[in-house]
Amino acid sequence: MESFVVAFGVVFPLFLEIGLGILFRQIKLMTKETAREINAISFRVFLPILLFSDMYHMSVDTTVNLRLIFFAALIVVIPYVMAFFLYLGLYRINEMQ
């Protein structure tokens, strides 16, 4: 039950903001151009500030999971290695023809 309360506390403000945005557009309180400008400011200014602040206040001892970091890095690297070998194989086939 505690995890539900935590998840609700994280997700509810997002749904509230989305709902307010839809409401503001329907009652014509906000134009499409205003929504674009607010979106651009949010992603270019506020999101990087929020991410930096969260990382700065994060406790490294309790939040760093080396196995998870290794797994994530592996998941990112594997497709690139596969694409590289696929490219080499296709390049050799084209070279033979």
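1. The chain has four helices and zero strands. Keep in mind as you look around that this is a predicted model. Walk along the sequence and you get the pattern α-α-α-α.

2. Now for the overall spread. The radius of gyration is 23 Å, while the globule rule gives 13 Å for 97 residues; the chain's value is well over that, so the chain is more spread out than a compact globule.

3. How much of the chain is buried? Buried residues make up 1% of the 97 residues. As for the accessible surface, the chain has about 9,500 Å² of it, and 73% of that belongs to carbon and sulfur atoms.

4. Have a look at the nonpolar patch on the surface. Its members are Met1, Phe4, Val5, Phe8, Phe12, Leu16, Leu20, Leu23, Phe24, Ile27 and Leu29. Together they have about 1,100 Å² of accessible area.

5. Pick out Phe12, one of the residues in that patch. You'll find Phe12 in helix 1, which covers residues 2-26. Why does Phe12 count as partly exposed? Its relative accessibility is 42%, and the partly exposed class lies between the buried cut-off, under 20%, and the exposed one, over 50%.

6. Last, the charges. The chain carries 7 positive and 7 negative charges.

How values were computed
Residues are numbered from 1 along each chain as its sequence is written. This is a predicted model: local features need pLDDT of at least 70, side-chain atom pairs count only at pLDDT 80 or more; totals for chains, interfaces and linings use all residues. Side-chain values use heavy atoms; hydrogens and water are left out. Helices (H or I, at least four residues) and strands (E, at least two) are DSSP runs, numbered from the N terminus. The radius of gyration is taken over C-alpha atoms; the globule rule is 2.2 Å times the number of residues to the power 0.38. Buried means under 20% relative accessible area, exposed over 50%, partly exposed in between (1.4 Å probe, protein chains only). Accessible areas come from the Shrake-Rupley method with a 1.4 Å probe; for residues, only the protein chains shown count as cover. Lys and Arg count as positive and Asp and Glu as negative; His and the chain ends are not counted. The place of a charge is taken as NZ of Lys, CZ of Arg, CG of Asp or CD of Glu. Patches are made of residues with over 30% relative accessible area and no salt bridge: like charges are joined within 9 Å, nonpolar side chains (Val, Leu, Ile, Met, Phe, Trp, Tyr) within 5 Å. A salt bridge is a side-chain nitrogen of Lys or Arg within 4 Å of a carboxyl oxygen of Asp or Glu.
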